[in-house]
Amino acid sequence: NYIGGNCYGLFNIELRTPIKENFQIAVFYDSGEVFEKASEFKFNLSDWHSSIGTGIRYMTPVGPLRIDYGYKLKTIPGQGRGRFHISFGFPF
């Protein structure tokens, strides 16, 4: 969730491999940052908030059911280091 800006940058990469019938395992890297104005945008992933993780995909005829665990690479005060996500569809 982004707070405090009018534009944001987002970078995702995911590698999936089949493990059995409609099931896949995935590893991913996500990074993003919010900027007050588009003119302040800078593509420097070391300054962005990033996470790595792994997940399982169950492929349905209308898209994957995804269960992921992401681990934050930077500590954020008041927040834990990791989080589970359950979602449906393609992330990008």
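**Figure 1. Salt bridge between E14 and R57 in the predicted model.** The side chains of E14 and R57 meet in a salt bridge, with an N to O distance of 2.8 Å. The pair links distant parts of the chain, since E14 belongs to strand β1 and R57 to strand β3, 43 residues apart. The structure shown is a predicted model. R57 counts as buried, because its relative accessibility is 1%, under the 20% limit.

**Figure 2. Salt bridge between R57 and D68.** The closest N and O atoms of R57 and D68 lie 2.5 Å apart.

**Figure 3. Salt bridge between R16 and E14.** R16 pairs with E14, and their closest N and O atoms are 2.9 Å apart. R16 is partly exposed, at 37% relative accessible area. Across the whole structure, a search finds 4 salt bridges.

**Figure 4. The open sheet.** The sheet contains 5 strands in the order β1-β2-β3-β4-β5, with antiparallel pairing. β1 (7-20) and β5 (82-88) are at the edges and have a single partner strand each, so one side of each is left without a neighbour in the sheet. From one strand to the next, the twist averages 20°.

**Figure 5. Pairing of β2 and β3.** Strands β2 (residues 23-35) and β3 (residues 49-60) run antiparallel and are joined by 10 bridges. S31 stands opposite S50, which is in β3.

Methods:
Residues numbered from 1 in each chain as written. Predicted model: local features only at pLDDT ≥ 70, side-chain atom pairs only at ≥ 80, totals over all residues. Heavy atoms only, no water. Pairing = 2+ DSSP bridges. Helix = DSSP H or I, 4+ residues; strand = E, 2+ residues; numbered from the N terminus. Axes fitted to C-alpha atoms, helices over the stretch in contact; angles between N-to-C directions. Buried < 20%, exposed > 50% of the residue type's maximum accessible area, 1.4 Å probe, protein only.
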